[in-house]
Amino acid sequence: MRIRSICSLLSLGFFALFITACSDDDVTPESQVRSFIQTATEAAENRDALDLKELIAKDYSDDHGLNKTNLVRMAAGYFLRNRNIHLLTRIHSIDFPIQNQAKVTVYVAMAGHPVSAIDSLTNLRAQLYRFDLQLIHREATWLIRSAHWQQTSLQEFIKQ
């Protein structure tokens with residue numbers, strides 16, 4: 001259950017992180033998605049379930065049977081149980097299969113202490129995950145529509 005909660009939190013954070021779109025011509029969809037991930041990471045580290053909620057599509061669903069409401073509740077519960085949340089994210093890929101949709105693979109290290117670099121992962125008891133996210137661009141905003149997550153190894157994390 002704890003792993004599921006952590007994964008849900010990450011899903012929320014990462015899936016929600018997928019950027020508020022800008023109308024600037026210089027801003028590419030890829031840079032918007034990268035900004036979104038950063039925003040989601042900050043919301044998770046700040047333990048802000050309301051900010052994370054804004055990053056999730058109303059029709060969110062995943063292979064764990066969670067909808068948006070369930071995911072936000074799990075994140076809020078995780079935030080109550082964990083005073084310190086620190087994330088190190090590595091974006092592996094961003095693809096745009098069709099207009100207004102993105103597929104993103106993100107590797108995330110979660111720890112109770114700051115994770116400043118990959119080298120520090122060996123000294124921390126960080127939990128490592130791979131998130132495969134489906135984002136949708138609606139009303140000038142990227143939102144997480146679906147997510148799949150699984151634990152990963154340090155070797156796989158470093159490889160990315």
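**A walk through the predicted fold**

The accessible surface of the protein chain, calculated by the Shrake-Rupley method with a 1.4 Å probe, comes to about 8400 Å², and 45% of that surface belongs to carbon and sulfur atoms. This is a predicted model, in which local features need pLDDT of at least 70 and side-chain atom pairs count only at pLDDT 80 or more, while totals for chains, interfaces and linings use all residues. Residues are numbered from 1 along each chain as its sequence is written, and side-chain values use heavy atoms, with hydrogens and water left out.

The secondary structure of the protein chain comprises 5 helices and 5 strands, taken as DSSP runs (H or I of at least four residues for helices, E of at least two for strands) and numbered from the N terminus. Read from the N terminus on, the elements follow the order α-α-α-β-α-β-β-β-β-α.

The 5 strands form an open sheet with the order 1-5-4-3-2 and mixed pairing, where two strands pair if DSSP finds at least two bridges between them. Strand 1 (56-62) and strand 2 (86-95) stand at the edges with a single partner strand each, so one side of each is left without a neighbour in the sheet. From one strand to the next, the twist averages 25°, with axes being lines fitted to C-alpha atoms, for helices over the stretch in contact, and angles running from 0 to 180 degrees between N-to-C directions. Within the sheet, strand 4 (residues 127-138) and strand 5 (residues 141-151) run antiparallel and are joined by 10 bridges; Ile-136, for instance, has Leu-143 in strand 5 as its bridge partner.

Helix 4 (residues 68-81) lies across strand 1 and strand 3, running at about 90° to strand 1. Among contacts (heavy atoms within 4.5 Å) between residues at least 6 apart in sequence, 63% join residues at least 24 apart.

The structure also holds 4 aromatic pairs, meaning rings of Phe, Tyr and Trp (its six-membered ring) whose centres lie within 6.5 Å, with planes under 30 degrees apart counted as stacked, over 60 as edge-to-face and the rest as tilted. Tyr-107 and Phe-157 form an edge-to-face pair, 6.4 Å centre to centre with 90° between the planes, and this pair links Tyr-107 in strand 3 (residues 101-111) with Phe-157 in helix 5 (residues 154-159), 50 residues apart. Both Tyr-107 and Phe-157 are buried, that is, under 20% relative accessible area, whereas exposed means over 50% and partly exposed lies in between (1.4 Å probe, protein chains only).
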